[in-house]
Amino acid sequence: MTTTIEQDDIDDLIPESHISLEEPPSEKDDCIEYLLDLIESSGRVTDRDTALEALFAREQETTTGVGMGIGIPHAKTDAVTCPSVAFARSTDGVDFGAMDDEPAKLLFMILVPETGAEDHLEILSSLSRALMHEEVRESLSAAKTSTDVQGTLKEALA
């Protein structure tokens, strides 16, 4: 991956199989497992327990609720084969412990291989910057299909 995310990278990072428009579980730990299952379903997770352990360990360090209704659980682990992102959204929101006390309604998961520190930071910072824009959050909330989600992310991240 380069130092910026290109439009073509979005299809690799977050294929449609990593996008769910179904209601995720309302509890944080269950929601994290739900997002992990999306990435695992594409064959990118080699050891689910290790990946889950890394995600929960990261949650213990500090909240991944970034505010404005956004949660971004993330981790570096050798249990994933390549940088991967999953997306789901929640009608009522999931408590990710955000500083603004708002439940997360837009939920992203970022998993990168242990050696991918640069990719991890680039994906996290690019996603965070894009989600600061209200129109991006509104577009993701209103998306009718996984293709709509990808289109919004391509426009916002590239």
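Colleague: How many cavities of 30 Å³ or more does the count come to?
Modeller: The count comes to one cavity of 30 Å³ or more, where a cavity is, on a 1 Å grid over the protein atoms alone, a set of points where a 1.4 Å probe fits but cannot get out. This is a predicted model, in which local features need pLDDT of at least 70 and side-chain atom pairs count only at pLDDT 80 or more, while totals for chains, interfaces and linings use all residues. Residues are numbered from 1 along each chain as its sequence is written, and side-chain values use heavy atoms, with hydrogens and water left out.

Colleague: What volume does the largest cavity have, and which residues are closest to its centre?
Modeller: Its volume is about 60 Å³, taken as the space filled by probe spheres set on the points, with grid points joined across faces, edges and corners. Ten residues line the largest cavity (each with an atom within 4 Å of a point), and the closest to its centre are Leu13, Ile14, Val85, Leu127 and Leu157.

Colleague: Which elements give two or more residues to that lining?
Modeller: Those are α1 (7–13), α4 (117–131) and α6 (146–157); helices here are DSSP runs of H or I with at least four residues, numbered from the N terminus.

Colleague: Changing topic, which element has the lowest mean pLDDT?
Modeller: That is α1, at 82, whereas helix α2 (residues 28–40) has the highest, at 98. The chain averages a pLDDT of 92, and 96% of the residues score at least 70; pLDDT is the predictor's confidence in each residue, from 0 to 100.

Colleague: And which residues of α2 are buried?
Modeller: In α2, Cys31, Ile32, Leu35, Leu36, Leu38 and Ile39 are buried, meaning under 20% relative accessible area, with exposed being over 50% and partly exposed in between (1.4 Å probe, protein chains only). Seen down the axis of α2, these buried residues fall within an arc of 150°, so they line one face of the helix; the arc is that of the directions from the helix axis to the C-beta atoms.

Colleague: What about α3, which residues are buried there and which are exposed on the face turned away?
Modeller: Ala51, Leu52, Ala54, Leu55, Arg58 and Glu59 are the buried residues in α3, and they line one face of the helix because they fall within an arc of 160°. The face turned away from that buried side carries the exposed residues Asp49, Glu53, Gln60 and Glu61.

Colleague: Last one, where does Thr145 lie?
Modeller: Thr145 is in the loop between α5 (134–142) and α6, and Thr145 is partly exposed, with a relative accessible area of 35%.

Definitions and conventions: On a 1 Å grid over the protein atoms alone, a cavity is a set of points where a 1.4 Å probe fits but cannot get out, and a pocket is an open set with protein on both sides within 12 Å along at least five of seven lines; lining residues have an atom within 4 Å of a point.
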